[in-house]
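Welcome! Here is a short tour for someone meeting these chains for the first time. Take a moment to turn the model around before reading on.

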Amino acid sequence: MNPFTYARPGGAGEAVEAVTADPGACFLAGGTNLVDHLKLGVASPTALVDVRGAVDDTIEESPDGGVRIGAGVTNSDLAAHPVIRRSYPVLSSALLAGASGQLRNMATTGGNLLQRTRCVYFQDVTTPCNKREPGSGCSALEGHGRDNAVLGTSEQCVATHPSDMAVGLLVLDAVVVVLGPSGERRVPLADLHRLPGAEPERDTVLERGELITAVELPAPLAEGRGAYRKVRDRASYAFALVSVAALVHVRGDRITEARIALGGVAHAPWRARRTEAALEGRPLTEAGLRVAAEAELARARPGKDNAFKVPLAVNTCTAVLRDLTGVGS
Amino acid sequence: MIGTEGSGAVGAPMERIEGRAKVTGTAPYAYEHDFPDPLHVHPVLSTVPRGRVRSVDVSAAQGLTGVRATLTAPDVAGTVGAEDREFAVLQDGEVFFRGQIVAAVVADTPEIARQAATLVRVDYEVDDHEVELPPARRELYRPEEVNTGAEADTARGDADAVLADSTVRIDRTYRTPREYNNPMEPHCSIAVWETDPERLVLYDSTQGVHVVRRTLAEVLGLDAERIRVISPHVGGGFGSKGSPHAHNVLVVLAARALPGRAVKLALTRRQMFSLVGYRPNTIQRIRIGAEEDGRIGALVHDVVETSSLAKEYAEQSGVCSRMMYTARARRTTHRLAALDVPIPFWMRAPGEAPGMFALETAMDELAYACGLDPIELRLRNEPGRDPESGLPWSGRHLARCLRQGAERFGWDTRPELPRGHRDGDWWVGTGVASAVYPRLTLPGSEAEIVLERDGSHTVSIGAADIGTGTWTALTQIAADALGCGPDRVRLRIGDSRLPTASVAGGSSGISSWGSAVVAAARAFRDAHGDRPAPGARSRAETPENPEREEYAMYSFGSQFAEVRVNADTGEVRVPRILGVFSAGRIINPRTARSQLTGGMVMGLSMALHEEGVVDPRFGHVVNGDLAGYHVAANADVGRVEAEWLDEVDPHVNALGAAGVGEIGIVGTAAAIANAAFHATGVRVRDLPLTPDRFLG
Amino acid sequence: MDSTITLTVDGERRELTVDTRTTLLDALRDRLGVYAPKKGCDHGQCGSCTVLMEDRRVLACLSLAVAHDGARVTTAAGLGDGDELHPVAGAFLDEDAFQCGYCTPGQICSAVGMLSEVASGWLSHVTEDPEGPVEATDAEIRERMSGNLCRCGAYPHIVAAIRRAAP
């Protein structure tokens, strides 16, 4: 770990200025991923700008019936908040499926979105990795690939995004509020995380110096039913092999609206638009649910170790929809 | 036999003597001894699996403020014995595996030492390497002997002919991956080197202070009397702390470079994956020939497993098949591949843990092939005498363990065929396996008893408590042997200045050290009578036991598991495991229960999670941390029950007792895999049982 | 780069100088000689370093000391009242909820923090009825304690101890 300075600015603007001015600086929030990376040598900043205290850590209901979540809200406070529990239970469930009680007490909303892949090669500075060291090669492509992505991969990177929270937020159509050197902008969460393409070193569309200050949720889907299901190797305290967030509105024997997102399958939390399209307006049958789930995974391109993620995602998605709609029970 | 006299301490569920210190976090582990301004050493590990260090550039590291010394091969070559490659740290530039120590930095703080280590530039001459089993370009070979000193191969009768004539045949190959001990306390040491005269004090996290002292004396060419090793509390070891490893030599080299200063070394979790041993991966082919009634005619167990080119280690995976069941023809073999990999070493129940996974899964397959209940199959193949030695058993109670377990578990209600029970989204099944572990006593332990002025007895032996309950159990044994209450015994362990003790390994501690304590108490009474004066003192060694030549001595057990497998996702849950064990007299039921259930939990972890994944291109385990290498978490573990037969082994030792540190892990993985088969109809022969194995 | 900070550790105010890189765990262990929090993995993967910060359970190994200037930290050594063990620590002793003892101080701090989370009505991943009362059932304890690994496999006894200590 290289030496670094530590600063604690009083406000978000000041924090953005500090990081913008210093190419060696980066933001520190809960630290659960960054401190890990400092020790591993994955990150070597020369200055840390601590944004806890500089960004909002409250949750407020907005006039349009939605919610504004300060980026500094910890994962546990977010999961426990009465409004989130009542109106956005899929988010609460997703948060509680992640990490451990201790980590959720530390990790923040903004930091959770910006956490980086747990790909073993990314975390091991003695092996090539295009994300860590652009142009050095992707060790995961032909290496230990059990955790690799199956959707939206590139020849340069097959890493997955590890967040559970982000998968839950994706079906809520969350919008990320970003403060940058040239002011504030709003980025739909669906556009925040990038696919690796030829620039796997860039996880998100954020520019240097940009800081997530809040996450906004529109009003909850009326009469929607949601669930978050995570499949992992351990019963707890493990990253997802595959996870499914689903929010559906059922009228009679039809799904009138479906929002489905997948975790553990791509470089970004993955909105399953094809599954949604295949569900909406069709009569509910278990076979139909499966066909809809398969519609999204038809594009999957697994490697030698992770072909299982395709049936696993299809099965898990089908099971979640089955439970939510009561089909086949 | 003790226990019939004294205070009745043996057999009582006495609370751990050091328990209060442990629950308040004040029991000092190796790293936690205070010295003024200690220095910190951080190793630099090789990033190639095979080759030679051409040069090491330490200039940038030395330029860092706070760096006190750098250690490289040219600096320290020739200072330690180089015969054993594990201990020949920095003696030449040869690289035998990725993750070998090739340099080190000593600095004022851990942060500086760690940063400086990243600044050391190592240039290698790289050779081809081979790390996978079976090797493509390297011959397998038969070791001279396997761990424990048993023969590598055994054969009796014409196994091939009997196999060919058998009505029912099983021929299956089972694989177990590399498994890592991962004690929660990483291997840590503090070394202080004093000159004039030369003296070394080492605070170490070890399963045997005298083993460390003896080994370091040899390696350093120093009189053992000049070395003191101290280790009062050890944060687990499971075999990996049963011998010193390269890091012990490194911390001594660092201390010797900076005499008079305490030098601390704490391995990182990642470094442990290449430096402190692991259970080698195995490929085990088992062939069984039986008649339709399940009676076994031939049993063949062929083992291929990983060893290191740096130092041989031969896991005795096949030895369990030499004595578990009847067979008129039998063959067992062990073949090693000496690969460019870190040195494997003991991990809880070496041999029996992987071997019994294979054998007991094969027995389950045989039961289905014969249409027999798996318990009945085992009962039909109970040998009256040890098939290997021909000796009578000192006590073989496997059948009782199986029957008692079946009753307690509710075995008779299970559906006969697999995939016969569905509960909502989950397939449900049950499975059984046998467990076995030899009743070992190691030679070379000695205990001393001194009567203090306040009437208490100080009992000294250089034994170790790695969580096993030694502090408490030896106190109980001493109390009964001396005929006093345990509050009148002051036990001293974990220091090489105390009388010599054998290693805490092979579940031998209670037998080896306990027998020495009993012998010392007898000597004390003989020498000093009923009214000893303060200062009265006696010593005695673990007595030789002539009955070892007359009986085959083993502990046995039955393991039962209930498994649920999700029909959609393949997730495996184990809501219930039960073990019934025969382990001689139980000294302390409270700590024994913890050891047995703890072993079963580690067996569950082996079944469901554990796998060190080797990347053949780079040569190392790529998931070498606790996020990537999964061990069971609390939520993975349901009801775990251990019970034991009321039993005293009259032949094994003066206590009638055997250790219980290892037998709990033996057979658990097979019971779980067998239950998963019963639940789903999917037979998994390669550990671990991850969800993807059950999709389809 | 050094920085001077103040921590209140187990009720005692301590001033210390740390490298900005020093974690709270290393500050406690290497600078202050407070060894109750243990270093098991140093990467937030085992829970051995769990302490209570302002009464919430956190991982000391992933906390930079400099970022917690002025914090109140409670370790397993400071939970009890003088010679009196904290009820959770007492229950660990009674149930033999440990063997080697290395993960134990972290388990106990985690359990104390977890029980207050339960008392606050926080849900967990396994809570069956989000509308109903939240109780420290065995399933809840197992899930909520899964961030604390125990290689000795004392989990069943840990669950029993916490059940016993739960209000």
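How many residues does the contact take from chain A and from chain C? Chain A gives 37 residues and chain C gives 35 residues. Please keep in mind that this is a predicted model.

Together, chain A and chain C bury about 3000 Å², and 57% of that lies on carbon and sulfur atoms. On the chain A side, the residues that lose the most area to chain C are Lys39(A), Gln102(A) and Tyr237(A), which together make up 22% of what that side buries.

Two salt bridges are found across the interface of chain A and chain C. Lys39(A) takes part in a salt bridge too: its side chain meets that of Asp42(C), with 2.8 Å from N to O.

Which elements supply the side of chain A that touches chain C? At least two residues each come from strand 1 (5-7), helix 2 (34-40), strand 3 (47-50), helix 3 (75-80), helix 5 (89-96) and helix 6 (101-106) of chain A. Helix 6 of chain A gives the most, with five residues. Sorted by class, this side of chain A has 15 nonpolar, 13 polar and nine charged residues.

**Where chain C meets chain B**

Now look at the other partner of chain C. Here 52 residues of chain C are in contact with 61 residues of chain B. The area buried between chain C and chain B is about 4300 Å², with carbon and sulfur atoms giving 54% of it. In chain C, Tyr35(C), Gln99(C) and Arg151(C) lose the most area to chain B, together 19% of what that side buries.

Six salt bridges are found across the interface of chain C and chain B. One of them joins Glu32(B) and Lys38(C), whose closest N and O atoms are 2.9 Å apart.

On the side of chain C that touches chain B, the elements giving two or more residues are helix 1 (24-31), helix 2 (87-94), helix 3 (104-119), helix 4 (138-144) and helix 5 (155-165) of chain C. The largest share, five residues, comes from helix 5 of chain C. The residues of this side divide into 24 nonpolar, 12 polar and 16 charged.

**Inside chain C**

Chain C is assigned domain 1 (2-77) and domain 2 (87-165). The C-alpha centres of these two domains of chain C lie 22 Å apart. In the contact between them, 18 residues of domain 1 of chain C meet 17 residues of domain 2 of chain C. The two domains bury about 1200 Å² between them, 56% of it on carbon and sulfur atoms.

The count between these domains of chain C is one salt bridge. Glu117(C) and Arg57(C) form a salt bridge, with their closest N and O atoms 2.8 Å apart. Strand 3 (50-53) and strand 4 (56-59) of chain C each supply at least two residues of the side of domain 1 that touches domain 2. The largest share of that side, three residues, comes from strand 3 of chain C.

| Residue pair | N to O distance |
|---|---|
| Asp42(C) and Lys39(A) | 2.8 Å |
| Glu32(B) and Lys38(C) | 2.9 Å |
| Glu117(C) and Arg57(C) | 2.8 Å |

**A few backbone details**

Most residues other than glycine have a negative phi, and most peptide bonds are trans. Where does Asp55(C) lie? Asp55(C) is in the loop between strand 3 and strand 4 of chain C, and its phi is positive, near 75°. At 48% relative accessibility, Asp55(C) counts as partly exposed.

Asn182(B) also has a positive phi, near 45°. Asn182(B) sits in the loop between strand 8 (168-176) and strand 9 (188-194) of chain B. Is Asn182(B) buried or exposed? Asn182(B) counts as buried, because its relative accessibility is 4%.

Chain B has cis peptide bonds to find as well. One joins Leu133(B) and Pro134(B), with omega about -10°, and Pro134(B) is in the loop between strand 6 (121-126) and strand 7 (154-156) of chain B. Another runs from Leu687(B) to Pro688(B), with omega near -5°, and Pro688(B) is found in the segment after helix 15 (668-680) of chain B.

Note on methods. Residues are numbered from 1 along each chain as its sequence is written. Chains are lettered from A and ligands numbered from 1 in the order in which they are written. This is a predicted model: local features need pLDDT of at least 70, side-chain atom pairs count only at pLDDT 80 or more; totals for chains, interfaces and linings use all residues. Side-chain values use heavy atoms; hydrogens and water are left out. Domain bounds come from an automatic or database domain assignment. Contact means heavy atoms within 4.5 Å. Buried area is the accessible area (1.4 Å probe) that two parts lose on being put together, summed over both. A salt bridge is a side-chain nitrogen of Lys or Arg within 4 Å of a carboxyl oxygen of Asp or Glu. Helices (H or I, at least four residues) and strands (E, at least two) are DSSP runs, numbered from the N terminus. Ala, Val, Leu, Ile, Met, Phe, Trp, Tyr, Cys and Pro count as nonpolar, Asp, Glu, Lys and Arg as charged, and the others, Gly among them, as polar. Buried means under 20% relative accessible area, exposed over 50%, partly exposed in between (1.4 Å probe, protein chains only).
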